[in-house]
Amino acid sequence: MVKLAVFLSGKGSNFSAILKAIDEGRLNARVVLVISNNPEAGGLTTAREEGIATAMFDRSLFSDGERFGREMLNTLQFHGIELICLAGYLRKVPPMVLRAFPQRVVNIHPALLPKFGGKGMWGHFVHEAVIAAGESESGATAHYVDEIYDHGAIIAQRKLSVRPGETPQSLAERVLEIEHQLYPEVLQQLVSQIDTAIE
Ligand code: GRF
């Protein structure tokens, strides 16, 4: 069973969707570690309730980025992590970790990349920008992670129509529902590739 680490900074509804998919047999993997930069993240509470190991990584507590990256990599390797899923993680993944996990770090973004991504494009900012731009569609994008925010190769997207009178909040809710379907499906694809590569 492929071992996943989930990185999150907030409420963790995508993390919960991943756990549900595992529970229902739609995702053949195990979340063995949750990493956060935010001690208040709701997803950490979920992890503790589920008996999943958690680790806090606060860059400001490390003298330099190398040490930070090495410590995170050690933790991931200690837990035997094979795939890293960012789920509302509002920090960059250290380059050392990206190098150690080529094509094994993925993210879900609440818009149709390459539009509406990059630094500062998270949460309500994304949906406000989509509406302000008068877009007729939005959606969710699963993509590989590289050193630039929301920049790595796209794996899959799912679209919805922006409705007349749509607010950033209503759009956020509808996109989140799509994320909760798309992300576990994409993860299952990746997990089965990893399983095949190992066999
Ligand atoms: C989601 O919209 C995700 O696309 C983005 O951050 C949000 C996290 O939501 N990267 P949650 O914490 O999973 O509820």
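A salt bridge here is a side-chain nitrogen of Lys or Arg within 4 Å of a carboxyl oxygen of Asp or Glu. By that rule, Asp64 and Arg67 form a salt bridge, with their closest N and O atoms 3.4 Å apart. Please keep in mind that this is a predicted model.

**Salt bridges**
- Searching the whole structure turns up eight salt bridges.
- Both partners of the pair described above are partly exposed: Asp64 has 27% relative accessibility and Arg67 has 49%.
- Glu185 and Arg158 meet through their side chains in a salt bridge, at 2.8 Å from N to O. Glu185 sits in helix α6 (residues 168–198) and Arg158 in strand β7 (residues 154–161), so this pair ties together parts that are 27 residues apart in sequence.
- Glu185 is partly exposed at 40% relative accessibility, and Arg158 is partly exposed at 26%.
- Arg26 is partly exposed, with a relative accessible area of 41%, and Glu24 is partly exposed at 45%.

**Ligand surroundings**
- Residues around the ligand include Lys11, Gly12, Ser13, Asn14, Ile108 and His109.
- An oxygen atom of the ligand lies 2.5 Å from a side-chain N or O atom of Ser13.
- Backbone atoms take part too: a polar one of Gly12 is 2.8 Å from a ligand oxygen, and a backbone N or O atom of Asn14 is 2.8 Å from a ligand oxygen.
- On its own the ligand has 370 Å² of accessible area, and the protein covers 85% of that.

**Helix α1**
- Ser13 and Asn14 are among the buried residues of helix α1 (residues 13–23), as are Phe15, Ala17 and Ile18.
- Gly25 follows α1 and has a positive phi, near 80°.

**Strand β5 and its neighbours**
- Five of the five residues of strand β5 (residues 105–109) are buried, so the strand is largely enclosed by the rest of the structure.
- Val105, Asn107 and His109 point one way from β5, while Val106 and Ile108 point the other way.
- Strand β4 (residues 83–86) pairs with β5 in the parallel sense over three bridges, and Leu86 stands opposite Asn107.
- Together, β4, helix α4 (residues 95–100) and β5 make a right-handed β-α-β unit.
- β5 also runs antiparallel to strand β6 (residues 137–144), joined by four bridges; Val106 has Tyr144 of β6 as its bridge partner.

Technical notes:
Residues numbered from 1 in each chain as written. Predicted model: local features only at pLDDT ≥ 70, side-chain atom pairs only at ≥ 80, totals over all residues. Heavy atoms only, no water. Buried < 20%, exposed > 50% of the residue type's maximum accessible area, 1.4 Å probe, protein only. Helix = DSSP H or I, 4+ residues; strand = E, 2+ residues; numbered from the N terminus. Pairing = 2+ DSSP bridges. Right-handed = clockwise from strand over helix to strand, strands pointing away. Near = heavy atom within 4 Å. Polar contact = N/O pair within 3.5 Å; in protein donor to acceptor, adjacent residues only side chain to side chain. Areas by Shrake-Rupley, 256 points an atom, 1.4 Å probe, with all protein chains shown as cover.
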